[in-house]
Amino acid sequence: MVNNELINKAIEYIFEHIDEKLTVDEVAQHCHMSKYHFSRLFKQEVGESLYSFIKHNRIALSAVNLKVYKEKSVTDVGLDCGYSASNYATVFKEQLKQSPVQFRQERCWSDGKVPHPFFDVEFGYLKSFDDYDKNITITQLPERKIYYRRFIGSYAELKKHWIQFMADNERFVTEETL
């Protein structure tokens with residue numbers, strides 16, 4: 001869990017500029033810190049170096065883009081996420097243990113269903129990404145103050161973190177909260 005406001009500010013900046021060439025100097029400057037102090041603090045809070053964090057988040061973004069933008073070539077998806085044509089497949093395979101082409105061709109799970117991230121394996125299956133898309137609605141909400149925590153880690157741990165987050169913040173759940 002990342003509690004440091006400056007590191008959260010850095011992570012937000014990284015996600016806003018994930019498709020650009022980012023340097024430690026640039027991100028540290030955005031947070032008004034020296035690159036040396038920022039690098040130590042980032043690694044302490046997040047558990048990995050800034051470069052490693054950017055690298056695995058670019059690959060995660062490219063993995064989503066491979067599934068969503070099927071009309072784009074694998075090379076173009078890699079280029080859009082800040083990789084050169086020569087090293088994208090290598091980095092992708094290093095992190096996800098399969099090539100981008102294999103990942104794109106893979107049909108979800110062997111049974112063709114997409115697991116819902118918040119529920120146990122036996123609950124919440126949707127038949128396809130199209131079914132999932134049909135359940136998404138975009139709504140304009142009134143302006144609100146929000147409370148959040150950023151967790152870094154595996155999506156497999158999402159349910160556990162959500163339950164802990166709700167337990168830790170039970171006092172904030174009232175008739176007026178959403």
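Modeller: Helices here are DSSP runs of H or I, at least four residues long, numbered from the N terminus. This is a predicted model: local features need pLDDT of at least 70, side-chain atom pairs count only at 80 or more, and totals for chains, interfaces and linings use all residues. Residues are numbered from 1 along each chain as its sequence is written, and side-chain values use heavy atoms, leaving out hydrogens and water.

Biologist: Thanks! Where is confidence lowest in the chain?

Modeller: In helix α8 (residues 129–134), with a mean pLDDT (the predictor's confidence in each residue, from 0 to 100) of 70. Helix α2 (residues 24–30) has the highest, at 94. The chain averages 81, and 82% of its residues score at least 70.

Biologist: Which residues line the second largest pocket?

Modeller: K21, L22, T23, V24, L50, Y51, I54, K55, R58, G82, Y83 and N87. Five of the lining residues come from helix α4 (residues 50–68), the largest share.

Biologist: And what counts as a pocket?

Modeller: On a 1 Å grid over the protein atoms alone, an open set of points for a 1.4 Å probe, with protein on both sides within 12 Å along at least five of seven lines; lining residues have an atom within 4 Å of a point.

Biologist: Switching topic: at what angle do α4 and α6 pack?

Modeller: About 100°, with the axes (lines fitted to C-alpha atoms over the stretch in contact, angles from 0 to 180 degrees between N-to-C directions) 10 Å apart. So α4 and α6 are roughly perpendicular, a label for 65 to 115 degrees.

Biologist: Which residues make that contact?

Modeller: From α4, K55, H56, I59, S62, A63 and L66; from α6 (residues 88–96), Y88, V91, F92, E94, Q95 and L96. Contact means heavy atoms within 4.5 Å.

Biologist: How do α1 and α3 cross?

Modeller: At roughly 90°, and the axes of α1 (residues 5–16) and α3 (residues 35–46) come within 10 Å. That makes α1 roughly perpendicular to α3. I7, A10, I11 and I14 of α1 meet F38, L41, F42, E45 and V46 of α3.

Note on methods: Helices (H or I, at least four residues) and strands (E, at least two) are DSSP runs, numbered from the N terminus. Angles under 35 degrees count as roughly parallel, over 145 as roughly antiparallel, 65 to 115 as roughly perpendicular and the rest as oblique.
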